[in-house]
Amino acid sequence: MPDHAAPEERLGWSRAFDETWAALGRPGAPARVTRLDRGWSTAARSFAQTVGEADPVRVRNIGADVAVGDWIVASADGERVEHVLARTSAFTRRASFDGMRAVAHTLAANIDVVFLIHALGSPPSPRRLERELVLAFDSGADPVVVLTKTDLVDDPEPSRRALEAVALGVPVLLASGVTGEGIDAIADHASGNRTLAFLGSSGVGKSTLVNALVGDALQATSAVRDGDQRGRHTTVAAELVAMPDEGWLVDTPGVRAVSLWLSGDGIERAFADVFELMDHCRFRDCKHDREPGCAVRGAIAEGELDPVRLSALEALIEEEAALEEEQRAREKAADRRRKDDRRPEAAEYDGMRD
Ligand SMILES: Nc1nc2c(ncn2[C@@H]2O[C@H](COP(=O)(O)OP(=O)(O)OP(=O)(O)O)[C@@H](O)[C@H]2O)c(=O)[nH]1
Ligand SMILES: [Mg+2]
Ligand SMILES: [Zn+2]
């Protein structure tokens, strides 16, 4: 812990941040971003500031790529974000509103456990979960799947099995924001003062779980539409809230599209079963199409691999390749621009949702 103006350990400060902060020459007092609104970060240096017992820090994000959960240092005049400390993890997707350009949108930073929330009461969506798992593995946080609204169905097991089939050992918890089922199991993950984040479509019940966990109607919730169970995008900005005993919780706005952002081995981990099969194909360059001795086709024939899962993987690999291509083109263009004028590229996004 830094010794002067030390951010409380309760805020999730750790050795990793201490080191990056020290490397910067210990500027200012770091604050943790609790909320973003239209170009402004709300951040806290003390626990009191996170629970409304003291005024939080408010700074402009101009030119800084900030996400909820980030540790920032404000400029000397207290006006804007000067540094964003290196993240220990980040849940980042491609912003879905800008089809022409690959732009990253980080939903939450410095999270330890990312909960991928799905709701009972509508059919399970293994394809969506696959994408979420890719992003979760890439984020650096540990994923946990939550199947909530158990009170709506007689038997949650068929849905749980459908998600477990793609979760590959990532736990699938059952929960209900109404009956309180599963709430303790979720809260347990916060022990050791960890930061949890909730992600999922609008209306799946993220904010309801947050309220059940904090024991207060802190986050607004609203009913899903009768016809299709879709939510109304009630939560409009990600928010970091304190858990009652210890730990932090990031509630996020529902996102419709889970588009990939590059990095790491998310795809390999989320589809480890299929990659394992591919290793057993007779030919190293097997396209898993009609080749003799193809272990993937063999598994499909045996009913051990859902062909839809193979197609989903192929689509994700293509999406990643296209993104990499776009990224390279963009970096080149940025390099050229940097040479032309020495202005840093301003990337500022807020209130982003579908
Ligand atoms: N029966 C039942 N209803 C639930 C449960 N959890 C949430 N709901 C209802 O589902 C609707 C949506 O819940 P929210 O918590 O607002 O959903 P959200 O995921 O935060 O939605 P966004 O903020 O729009 O992303 C509300 O009407 C909730 O009362 C649950 O466990 N059981
Ligand atoms: Mg919400
Ligand atoms: Zn093959």
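How many residues lie between β4 and β5 in their hairpin? There are 6 of them, and one residue in that turn, G78, has a positive phi of about 70 degrees. Keep in mind as you look around that this is a predicted model.

Strand β4 covers residues 71-74 and strand β5 covers residues 81-84. The two run antiparallel, and 3 bridges join them.

Now zoom out. The protein is split into three parts: domain 1 takes in 9-84, domain 2 takes in 96-251, and domain 3 takes in 266-340. Domain 2 and domain 3 have their centres 27 Å apart, going by C-alpha atoms. Where these two meet, domain 2 puts in 10 residues and domain 3 puts in 13 residues. On the domain 2 side, the top contributor is helix α3 (residues 126-139), with 7 residues. What kinds of residues make up that side of domain 2? You'll find 7 nonpolar and 3 charged residues there, but no polar ones.

Helix α3 has another partner worth a look. It packs with helix α4 (residues 157-167) at an angle of about 35 degrees, and their axes are 9 Å apart. The crossing of α3 and α4 is a right-handed one. From α3 come P126, L129 and E130, while α4 brings A162, L163, A165, V166 and A167. Sorted by class, the residues of this contact are 7 nonpolar and 1 charged, with no polar ones.

Last stop: ligand 1. Which residues come nearest to ligand 1? Out of the 26 residues around it, those are G205, S207, T221, T235 and G254. Helix α6 (residues 206-214) supplies the largest share of the shell around ligand 1, namely 3 residues. As for the make-up of this shell, there are 16 polar residues, along with 6 nonpolar and 4 charged ones.

Methods: Residues numbered from 1 in each chain as written. Chains lettered and ligands numbered in written order. Predicted model: local features only at pLDDT ≥ 70, side-chain atom pairs only at ≥ 80, totals over all residues. Pairing = 2+ DSSP bridges. Helix = DSSP H or I, 4+ residues; strand = E, 2+ residues; numbered from the N terminus. Near = placed C-beta within 6 Å. Nonpolar A, V, L, I, M, F, W, Y, C, P; charged D, E, K, R; others polar. Domains from an automatic or database assignment. Contact = placed C-beta atoms within 7 Å. Axes fitted to C-alpha atoms, helices over the stretch in contact; angles between N-to-C directions. Left-handed = near helix turned anticlockwise from the far one by under 90°.
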